[in-house]
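Hello,

Here is the structure I promised to send over. Please have a look at it first, and then read my notes below.

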Amino acid sequence: MKEIFKSALNNSYSYQDYRKIITDLLQEGKTTGTIQSEALVNYSRLNETRMHRLDKTIVIDLVIISKLKLIQSQYIWLVIAEGWCGDAAQILPILNKMSEVSDNIDLKVVFRDDNEALMNLFLTNGNKSIPKLIILDKNSLDVIADWGPRPIGAVEIIENYKEKFGIIDDTIKSELQMWYLHDKGLSTQKEITELMFL
């Protein structure tokens with residue numbers, strides 16, 4: 001497992017580099033990942049706008065800031081994502097802002113389709129759901145915790161809709177984005193901070 005982490009970290013990017021790769025690909029009419037389609041490129045374009053907005057507007061809660069500043073050990077927050085993923089676009093800007101609070105958190109992003117061995121270690125109900133945050137001890141590369149692909153409140157919205165209608169469609173995707181908008185990143189901040197202090 002450690003070798004998989006080492007390989008992924010060698011293949012990882014800072015948040016800023018991740019954003020640049022997506023931007024550069026969009027200028028070529030492409031998105032990240034092995035599958036290229038007009039729909040995925042359009043999602044990626046929408047997500048870039050979303051991340052740009054969230055980079056400017058996301059505020060880390062003062063209680064969360066005070067807790068993050070208490071972190072003594074060094075951690076890597078390794079996130080599996082893709083540019084076309086709507087949940088990743090909502091969550092990565094929050095993780096980036098949280099990581100900036102503490103010198104002891106090093107945020108790294110890897111692309112799912114380029115890191116299959118890593119993704120297969122962190123499946124959600126047998127699916128390659130992203131984003132997935134893996135919290136690693138920086139020195140030993142031991143897994144402290146993992147989280148994702150979305151906060152509990154968002155998971156419940158999706159599960160209830162699937163139970164009722166049997167599908168994930170544009171209606172529920174819009175509802176999910178509204179949930180994220182109203183939540184203002186607080187659920188993600190709280191859930192991840194709790195994992196840091198288990």
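Which residues make a nonpolar surface patch of about 260 Å²? They are Met1, Leu121 and Val143. A patch here takes residues with over 30% relative accessible area and no salt bridge, joining nonpolar side chains (Val, Leu, Ile, Met, Phe, Trp, Tyr) within 5 Å and like charges within 9 Å. Accessible areas come from the Shrake-Rupley method with a 1.4 Å probe, and for residues only the protein chains shown count as cover. Leu121 belongs to helix H6 (residues 116-121) and counts as partly exposed, at 36% relative accessibility. On that scale, buried is under 20% relative accessible area, exposed is over 50%, and partly exposed is in between (1.4 Å probe, protein chains only). Helices (H or I, at least four residues) and strands (E, at least two) are DSSP runs, numbered from the N terminus.

Before going further, a word on the model: it is predicted, so local features need pLDDT of at least 70 and side-chain atom pairs count only at pLDDT 80 or more, while totals for chains, interfaces and linings use all residues. Residues are numbered from 1 along each chain as its sequence is written, and side-chain values use heavy atoms, leaving out hydrogens and water.

The largest pocket has a volume of about 870 Å³. Of its 26 lining residues, Asp87, Ile130, Arg150, Ile168 and Lys173 are the closest to the centre. A pocket is an open set of points on a 1 Å grid over the protein atoms alone, where a 1.4 Å probe fits, with protein on both sides within 12 Å along at least five of seven lines; lining residues have an atom within 4 Å of a point. Volume is the space filled by probe spheres set on the points, which are joined across faces, edges and corners. Helices H3 (38-57), H5 (86-101), H7 (152-165) and H8 (170-183) each give at least two residues to this lining, and the largest share, 5 residues, comes from H3. By type, the lining has 11 nonpolar, 7 polar and 8 charged residues. Nonpolar covers Ala, Val, Leu, Ile, Met, Phe, Trp, Tyr, Cys and Pro, charged covers Asp, Glu, Lys and Arg, and the others, Gly among them, are polar.

The second largest pocket holds about 310 Å³ of space. Among its 16 lining residues, Leu54, Ile58, Tyr180, Leu181 and Lys184 lie nearest the centre. H3, H5 and H8 are the elements that give two or more residues here.

How many salt bridges does the structure hold? There are 10, counting a side-chain nitrogen of Lys or Arg within 4 Å of a carboxyl oxygen of Asp or Glu. One of them pairs Asp24 with Lys20 (2.7 Å, N to O); both lie in helix H2 (residues 15-27), 4 residues apart, about one turn of the helix. Another joins Glu116 and Lys128 (3.2 Å, N to O), linking helix H6 to the loop between H6 and strand E3 (132-137). A further bridge is formed by Lys132 and Asp146 (3.6 Å, N to O). Because Lys132 is in strand E3 and Asp146 in strand E4 (residues 143-147), this pair ties together parts 14 residues apart in sequence. Lys132 is buried, at 5% relative accessible area, whereas Asp146 is partly exposed at 36%.

Best wishes
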